[in-house]
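This report covers the cores, voids and a few selected residues of one protein model. The sequence and the structure come first.

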Amino acid sequence: MLKRFLLLPIVLLLLSGTPVFAQSDLIGLYLTWKGDPTTTMTVNWVNLYEKSAATVWYREAGADEWASKDAKRSTMEPSVLQIRRVELTGLKPDTNYEFTIRDKEPTDRKGIEKFRTMPAELDEPVRFVTGGDMMHKREWMDAMTKQAAKADPHFAMLGGDLAYANNSDASRWIDWLQSWLKNARGKGGRLIPMVVVIGNHEVRKGYNGKIPDDASHFYSLFSLPEDRSYYALDFGKYLSLLVLDSGHTQRIPGKQADWLENALEPRINQQFLFACYHYPAYGTTKASKGKLPIDSSRAVEVRTNWL
């Protein structure tokens, strides 16, 4: 049975002391998925310096031996922030893991972080939180994220307008990343993975007729399935997420609408199916001098092409 709880401004969906990090120049550490959430985890982090440690050491919780994998390096343009990314594969479903970022194999517990893979089957409840428009102010985001974390969600689906950086103010991403690392933690301090959606405030100078280059911060920070802002993420045979771009760097009609139709067909028998996109098909919005709501044409476009 599907239960829904409202944690304003967060929606929680239920399907039937922070550790000290070892690196002094760490700006943010966050978990995403590009592949199967039951057997993979992508570890992302942002540093100030190019020569910072770039190896992830990981193991199943309670194991003796560490495995390691070196990160891919890139820079968030236009800024000097150093992005590191490692996709861990071949993991066990529904299993706790430990990891840390160091040049050499760990010999102590300093900076050890935790994550848990998703279950392969829906044998017990799976819980996630979703919401958007996250950081008008840092203190508001801190409070909201702490409230969401109290629900101990398996993951968070973040529906766009994340840092309000408008692809120009990298300092807002620093605040956003630091807030998430500090507050988005489940029981035992495990990091909560995120599934991200693009919004208009990820894009430079508005969101009409833009292309991915106009949202270079977003595309640099997040390694997306299918390497674009609309994609599907499947959790075994019980859950599929369809993430869409409501006209910010990809057009609503045309290729994206065709992809959506083709993506729905093979997932018709999924037990749970959710779509997430930033600009709503229906919803409240601002009016302008008694005229129709601003961007009502965008909502019509969503309803015409997607519903």
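Strands here are DSSP runs of E with at least two residues, numbered from the N terminus. The model is predicted.

**Second largest cavity**

Two strands, β13 (194–196) and β14 (231–235), each supply at least two residues of the lining of the second largest cavity. The top contributor is β13, with 3 residues. The lining includes Thr 32, Trp 33, Met 194, Phe 222, Ser 223 and Tyr 231. The volume of this cavity is about 60 Å³, and its lining residues divide into 9 nonpolar, 2 polar and no charged.

**Second largest pocket**

The second largest pocket holds about 260 Å³ of space. Its lining has 15 residues, and Lys 34, Lys 72, Arg 85, Glu 87 and Ser 223 lie nearest the centre. At least two lining residues come from each of β6 (67–70) and β8 (82–88); β8 has the largest share, 3 residues. By type, the lining of this pocket consists of 5 nonpolar, 2 polar and 8 charged residues.

Ser 223 is listed in the lining of the second largest cavity and also among the residues nearest the centre of the second largest pocket.

| Void | Volume | Lining by type |
|---|---|---|
| Second largest cavity | about 60 Å³ | 9 nonpolar, 2 polar, no charged |

**Nonpolar cores**

Which residues have the most contacts inside the largest nonpolar core? They are Trp 176 and Phe 222, in a core of 73 residues. Helix α2 (residues 170–183) gives the most to this core, with 6 residues. Another core, of 12 residues, lies apart from the largest one, and among its members are Leu 242, Ile 252, Ala 263 and Trp 306.

Leaving out residues up to four places away in sequence, Trp 176 touches Met 134, Met 135, Met 141, Leu 158, Leu 162, Ala 163, Met 194 and Phe 222. Of these partners, Met 194 and Phe 222 are also named in the lining of the second largest cavity.

**Thr 32**

Thr 32 belongs to strand β3 (residues 26–32). Its relative accessible area is 4%, so Thr 32 is buried. The side chain of Thr 32 makes a polar contact of 3.0 Å with that of Asn 44. Beyond four places in sequence, Thr 32 is in contact with Met 41, Thr 42, Asn 44, Met 194 and Phe 222. Thr 32 is itself one of the residues lining the second largest cavity.

**Arg 102**

Arg 102 is found in the loop between β9 (96–101) and β10 (113–116). Is Arg 102 buried or exposed? Arg 102 counts as buried because its relative accessibility is 14%, and the limit for buried is under 20%. A polar contact of 2.8 Å links the side chain of Arg 102 to the side chain of Asp 108. Other residues that Arg 102 touches, with those up to four places away in sequence not counted, include Ala 53, Thr 55, Trp 57, Lys 110 and Ile 112.

**Glu 121**

Glu 121 sits in the loop between β10 and β11 (126–131). With a relative accessibility of 53%, Glu 121 counts as exposed, the limit for exposed being over 50%. The C-alpha atoms of Glu 121 and Gly 236 are 6.2 Å apart in space, while the two residues are 115 residues apart in sequence.

Note on methods:
Residues numbered from 1 in each chain as written. Predicted model: local features only at pLDDT ≥ 70, side-chain atom pairs only at ≥ 80, totals over all residues. Heavy atoms only, no water. Helix = DSSP H or I, 4+ residues; strand = E, 2+ residues; numbered from the N terminus. Buried < 20%, exposed > 50% of the residue type's maximum accessible area, 1.4 Å probe, protein only. Polar contact = N/O pair within 3.5 Å; in protein donor to acceptor, adjacent residues only side chain to side chain. Contact = heavy atoms within 4.5 Å. 1 Å grid on protein atoms, 1.4 Å probe; cavity = no way out; pocket = protein on both sides within 12 Å on 5 of 7 lines; lining within 4 Å. Points joined across faces, edges and corners; volume = space filled by probe spheres on them. Nonpolar A, V, L, I, M, F, W, Y, C, P; charged D, E, K, R; others polar. Core = buried A, V, L, I, M, F, W, Y, C linked by side-chain atoms within 4.5 Å.
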